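Please open the model in your viewer and keep the selection panel at hand.

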Amino acid sequence: MKCVLDCRFVRPQPSGIGTYVRALAARLPALAPDDRFELWVDPRMPDAVPAAPNATLRPVSGDPLGPASLLWPHRIAPLGDADVFHSPQNVLGLGLPCPTLVTVHDVMWLVTPSLVEGNPLLRAVNWPFLAGGAWHALRRATLLLAVSHATADAIRAFDPDAGKRVRVAPNGVEPVFQPPADPEAARARAARAIGTDAPYFLVLGTNQPYKGHEHALRGFARASVGDTRLVLVQRRGGRRGLGRLARALGIEDRVLFRHALSREDIVALMQSATALVHPSLVEGFGLPALEAAACGLPVVASAIPALREVLADAAVHVPPADPGALARALERVAGDAGLRAQMRARGLARAAEYGWDACARATLAAYREIAAMRRA
């Protein structure tokens with residue numbers, strides 16, 4: 001069996017999709033030593049994924065979500081001898097000459113595009129490619145791999161026919177996300193990263209409407225939590241609009257924005273915060289919340305299907321877009337050391353149930369199912 005995995009999402013700046021693809025690329029060849037793997041990598045990062053005796057790293061130019069990858073993917077690299085091509089991020093290019101597997105993290109571009117891209121101009125530019133690529137994936141992929149049962153349910157609700165081709169392979173947690181071996185060193189590193197040793201709540205993720213960062217600010221503004229800060233680490237989108245909101249709410253001096261931190265700094269922040277605040281309106285999985293739980297960090301999360309599935313009773317769940325409920329949850333967690341200890345224990349136990357090895361095994365099973373379908 002020859003399997004092709006698009007690993008061009010692995011880039012210097014940490015991202016959920018990059019973490020997912022790197023984890024698969026590091027495990028799949030070892031799980032199937034008699035099969036062949038071709039891993040597409042960004043030419044600027046030829047060593048982005050580990051090499052293996054049965055894996056070939058092929059530099060492939062272009063954005064994996066760009067026009068060339070979506071409109072004429074068969075031109076950017078040969079695929080005629082592949083038993084399966086795996087697109088790891090929601091979309092499928094046109095005219096592929098082999099069976100395909102598409103990982104579906106969410107269906108937001110199809111159902112709620114205004115939440116995934118808040119800028120109307122950028123939404124208009126990206127919609128034909130990202131929504132169109134997602135629609136084509138649901139209609140034409142040989143199999144679909146959902147990252148959670150919540151995402152699988154969302155696919156079935158949007159397209160019942162596509163739902164028949166869905167398999168589920170939940171995300172995992174990298175070993176780097178764990179309680180600190182040296183808490184004082186972790187706190188010192190976190191303080192250097194944010195510029196203060198004051199206690200803080202942590203918010204992670206791109207600044208787009210579906211992440212609910214506006215509601216995190218509004219909830220924090222209502223909470224009576226002393227000199228605790230709110231730290232927002234945003235990979236994309238910057239502080240767009242949120243700085244003005246913080247000023248309007250009178251909390252500008254207690255809100256810190258950070259960008260492009262290393263994974264080591266992010267781990268230290270998770271190991272040292274009072275709680276992670278994950279106020280998303282929509283999610284397909286919620287990987288940062290699970291990674292925080294693996295670090296022993298209490299999590300306050302929206303009560304949406306994916307986060308309730310992944311975190312279960314290891315988080316304090318609040319209604320989405322409800323700043324008052326979020327404020328009460330922050331006060332409760334900040335003021336109750338016993339609750340934080342209980343949440344820490346539950347979070348560690350919950351995170352231990354998710355692993356990239358299991359995700360890779362489920363992915364390989366999907367490859368083999370597709371290859372068997374092709375042979376038949």
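How many bridges join strand E4 to E5? Select residues 84-87 for strand E4 and residues 100-104 for strand E5; the model is a predicted one. Three bridges join these two strands, which run parallel. Within this pairing, Ser 87 stands opposite Val 102.

Now display the side chains of E5. Five of its five residues are buried. Thr 100, Val 102 and Val 104 lie on one side, with Leu 101 and Thr 103 on the other, and both faces are covered.

Move on to Glu 283, in the loop between strand E11 (275-278) and helix H12 (287-294). Is this residue buried or exposed? Glu 283 has a relative accessible area of 14% and is therefore buried, the cut-off being under 20%. Its side chain makes polar contacts with the side chains of Ser 280, at 2.8 Å, and His 278, at 3.1 Å. Leaving aside residues up to four places away in sequence, Glu 283 touches Tyr 210, Lys 211, His 278, Ile 304, Ala 306 and Leu 307.

Finally, select helix H16, residues 356-375. Colour the buried residues, among them Trp 356, Cys 359, Leu 364, Tyr 367 and Ile 370. Viewed down the axis of H16, the buried residues fall within an arc of 155 degrees, so they line one face of the helix.

How values were computed. Residues numbered from 1 in each chain as written. Predicted model: local features only at pLDDT ≥ 70, side-chain atom pairs only at ≥ 80, totals over all residues. Heavy atoms only, no water. Helix = DSSP H or I, 4+ residues; strand = E, 2+ residues; numbered from the N terminus. Expected span 1.5 Å × (residues − 1). Buried < 20%, exposed > 50% of the residue type's maximum accessible area, 1.4 Å probe, protein only. Arc of directions from axis to C-beta. Polar contact = N/O pair within 3.5 Å; in protein donor to acceptor, adjacent residues only side chain to side chain. Contact = heavy atoms within 4.5 Å. Pairing = 2+ DSSP bridges.
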